[in-house]
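Subject: Structure for your review

Dear colleague,

I am passing on the structure below, together with some notes on what turned up in it. Please read the notes with the structure open beside you.

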Amino acid sequence: MKSRNHNNRPVELPNFCHLGVNLRIALTVEAALAAGVIARATDAPAFWAEFVAQSALAQPALLLTLLALCAAGRWLRGLPYIQGVVATLAIGVGVPVLVALWLSPLANRLEAYPPLAVGLFALVLGGGLLAYFNLRARALSPAITEARLQALQARIRPHFLFNSLNAVLSLVRSDPRRAEHALENMADLFRALMSNASQLAPLEDEVALTRAYLELEQLRLGDRLQVVWHIHQMPADALIPPLVIQPLVENAVYHGIEPQPGGGEISLNIYRSGDKVHIVVRNPIAAEISHHKGNRIALANIRERLLLHFDLDAQLKSEPLGAVYQVNIVIPYTRERTQPAPAHPDRR
């Protein structure tokens, strides 16, 4: 059985394939090397000479260790926590020792860096890093992270629901069937707003939700709102945080379409490239920029939620490109679901 924290959630080893985990490990190793050299160096030239020499040995060992941990990551996380820690430390000590045995004779530094000292250094550092990741998971993973995600999701601007309700009311007598369909779309959107923000959702569900939102907006804007979808290369089974695409499209409508009397076109391009999923939203740039601050708040909200879900493996970039404004999100492609995602039945 896996170890459990105070919220009765299983404690797992970190994912050694994630950029954020690897970056923290690399920075910690370099900081430990620098601290050891500072304790012995007599002046700055001696410090730099010794630090460069140690880094030349440590970097290949660190790279190979991270590659080995990434390759064995699925197996390691499948073990009971204590056994996984032991296996991780065995890899974290064994690889640097083997590298030291191989590189030290070439560098004529076998006496300066004996395998026993290298192994002890790796054991102490590895144990400290695993303790840090354990504490970080306990602090951020269960209740605190979920509360932060729920708070961020609750701040997503819901003004379109009121506008859409007015549009639906105008259709009740003139086109009851269309009004009924619009109310069904609103129900889906309300359900998404109240869903568990800590659960990832299938990409196809988020696209269906965005389509429902755009149908509601077209009740208000009519032909002023044109939408172009490029989703023939979309990985429908990819898992993403809920309510990421819809707020981007809402921003595109609010800042790019509404201020312009003639409206404009919103473009959505969703595709997979390697082990990454790209979500690109473009809208025309309006002359009126009074809502620019609100746009930044929404983007900051999405960026923080991506960080909580994917750490440094997700990116969000927004920039003007000529006459259009583009938001590009890149997230890891994953289909592994640890919790059931909220279902959005497709009625269409």
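How many of the nine residues of β5 are buried? Seven of them are, so β5 is largely enclosed by the rest of the structure; buried here stands for a relative accessible area under 20%, exposed for over 50%, and partly exposed for what lies in between, with a 1.4 Å probe and protein chains only.

Before going further, please note that this is a predicted model, in which local features need pLDDT of at least 70 and side-chain atom pairs count only at pLDDT 80 or more, while totals for chains, interfaces and linings use all residues. Residues are numbered from 1 along each chain as its sequence is written, and side-chain values use heavy atoms, with hydrogens and water left out.

The strands

Helices (H or I, at least four residues) and strands (E, at least two) are DSSP runs numbered from the N terminus, and two strands are said to pair if DSSP finds at least two bridges between them. Strand β5, which covers residues 276–284, pairs with β7 in the antiparallel sense over nine bridges, and within this pairing Ile 279 stands opposite Ile 329 of β7, while Lys 276 stands opposite Pro 332. Strand β4 (residues 264–273) also runs antiparallel to β5, to which seven bridges join it, and here Leu 268 faces Val 281 of β5. The hairpin of β4 and β5 has two residues between the strands, and in it Gly 274 takes a positive phi near 65°.

Strand β7 (residues 324–332) has seven of its nine residues buried, so β7, too, is largely enclosed by the rest of the structure.

His 278 lies in strand β5 and, at 15% relative accessibility, counts as buried. Leaving aside residues up to four places away in sequence, His 278 touches Asn 269, Ile 270, Tyr 271, Ser 273, Asn 328, Ile 329 and Val 330, where contact means heavy atoms within 4.5 Å.

The disulfide

The structure holds one disulfide, the term being used for a pair of cysteine sulfur atoms within 2.5 Å. Cys 17 and Cys 70 form this link, with their sulfur atoms 1.9 Å apart, and with 105° about the S-S bond it is right-handed. Because Cys 17 lies in the segment before α1 (19–40) and Cys 70 in helix α2 (residues 44–71), the pair ties together parts that are 53 residues apart in sequence. Both cysteines are partly exposed, Cys 17 with a relative accessible area of 40% and Cys 70 at 30%.

Helix α10 (residues 245–257) has 13 residues and reaches 17 Å from its first C-alpha to its last, close to the 18 Å expected at 1.5 Å a residue, the expected span being 1.5 Å times one less than the number of residues. In α10, 13 of the 13 residues are buried, so this helix is largely enclosed by the rest of the structure.

Gly 126, in helix α5 (residues 115–140), is buried, with a relative accessible area of 18%. Gly 126 and Ile 91 are 35 residues apart in sequence and 9.9 Å apart in space, C-alpha to C-alpha.

With best regards
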